[in-house]
Amino acid sequence: MAGNDDILFEVRGRLGLVTLNRPQALNAFTLDMYRRLDPVLRAWESDPAVGAVAIRGVGERAFCAGGDIRAIYEAGRGIGQDHPTSGPRLTRDFFREEYGLIRRVHRYAKPYVALIDGITMGGGAGMALNGRYRVATERTVFAMPENGIGLFPDVGATRFLNACPGRIGRYLGLTGARLGAADALYCGLATHFVPFARLDDLLAALAAGEDFARFTADPGEPPLRARQTEIDRLFAADTVEAILAGLDQATQKSVLRGSPTSLKIFLRQMDIGRDYDLEAALKLEFRIGQHVMAGHDFYEGVRALIIDRDQKPAWQPATLGEVDAAMVDGYFAPLGDRELTFD
């Protein structure tokens, strides 16, 4: 295998294989990993000897739990600015380069197969769900819990959550609910189910230039199917407050773990981007994200959940009622010459 210890590359027969190798960090992407992956994907796309690409994570817990949030936090707080991939520019460069790579994955000319075995969240979802094939296993756990750290579901979530049946995308983004394989398939977030024990056989088939369809199985009935009508009714309202009013106490608690500002940003984001393609979604998310990086709640959320782990974020504003429409508007304001563009 080639690459550094965090991300490994190899060619097996007709297959280009990417292995995320940070199990202690749930295989979270660093900016350096994105920068190493991009030229390899470019090279494999133009190499006639490579027929398909697969991406997987090391360890039993996660495909990829997201991006390196701690590094972005430290950059925004001015910590570790002597490092070439740190400093204040990281809060811009990380998202710009991550989103560019997600677009490449989405437009990839060859089959791109993400093995979403284990936790698949945030940036991991971005590198998986925007590709052609997303293979879930019995260990798959998908979620977009970004509101809980004062961020918002991004990495193309404007598109793939809106593409879920009915109002399920709103439900997932507001609650951070976790889905298994059957529900991921039901929502269109996964394309196939393959038992974990057969993943090596799947990779061998791809290396031989064969189809992997014979390894697929039935994950069972998706629990969300029985709840579809109820979710559609409960999450149809135009405001977060109105949605909360109809929820039971446990679901209200799940929603209210998030930053009040983030919750309102997400609902506006979903409404604006209802019919967006991936490029439009990423441009919108970059714009919102840069405003979030200049604010308070992201840093407070990361401090409370990841740095100090006191689980007590002091959001500003602290309540939904204090977040008015004008404040939300500010997160959607144009960035001028700092807008995201693609080559």
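Biologist: Why is threonine 261 called buried?

Modeller: Threonine 261 has a relative accessible area of 5%. Buried means under 20% relative accessible area, exposed means over 50%, and partly exposed is in between (1.4 Å probe, protein chains only). So 5% puts threonine 261 in the buried class. A heads-up: this is a predicted model, where local features need pLDDT of at least 70 and side-chain atom pairs count only at pLDDT 80 or more, while totals for chains, interfaces and linings use all residues. Residues are numbered from 1 along each chain as its sequence is written, and side-chain values use heavy atoms, with hydrogens and water left out.

Biologist: Where does threonine 261 lie, and what does it touch?

Modeller: Threonine 261 sits in helix α12, residues 260-272. Helices here are DSSP runs of H or I with at least four residues, strands are runs of E with at least two, and both are numbered from the N terminus. Leaving aside residues up to four places away in sequence, threonine 261 touches Asp297, Gln316, Pro317, Val323 and Tyr331; contact means heavy atoms within 4.5 Å.

Biologist: What makes a set of residues a nonpolar core?

Modeller: They must be buried Ala, Val, Leu, Ile, Met, Phe, Trp, Tyr or Cys residues, joined through side-chain atoms within 4.5 Å. The largest such core here has 91 residues, and Phe29, Phe160, Leu172, Leu189 and Phe298 touch the most other members. Apart from it lies another core of 16 residues, including Leu17 and Val135.

Biologist: What makes β4 and β8 edge strands?

Modeller: Two strands pair if DSSP finds at least two bridges between them. The open sheet runs β4-β6-β8, with parallel pairing. β4 (62-64) and β8 (141-143) each have a single partner strand, so one side of each is left without a neighbour in the sheet.

Biologist: How do you know that β6 and β8 pair?

Modeller: β6 (residues 119-121) and β8 share three bridges, in the parallel sense, and the cut-off is at least two, so they count as a pair. Threonine 120 stands opposite phenylalanine 142 in β8. Helix α4 (residues 122-129) packs on this sheet, touching β4, β6 and β8, and its direction makes about 90° with that of β6. Axes are lines fitted to C-alpha atoms, for helices over the stretch in contact, and angles run from 0 to 180 degrees between N-to-C directions.

Biologist: How many strands are in the open sheet with mixed pairing?

Modeller: Six, in the order β1-β2-β3-β5-β7-β9. Its edge strands are β1 (7-12) and β9 (192-193), each pairing on one side only.
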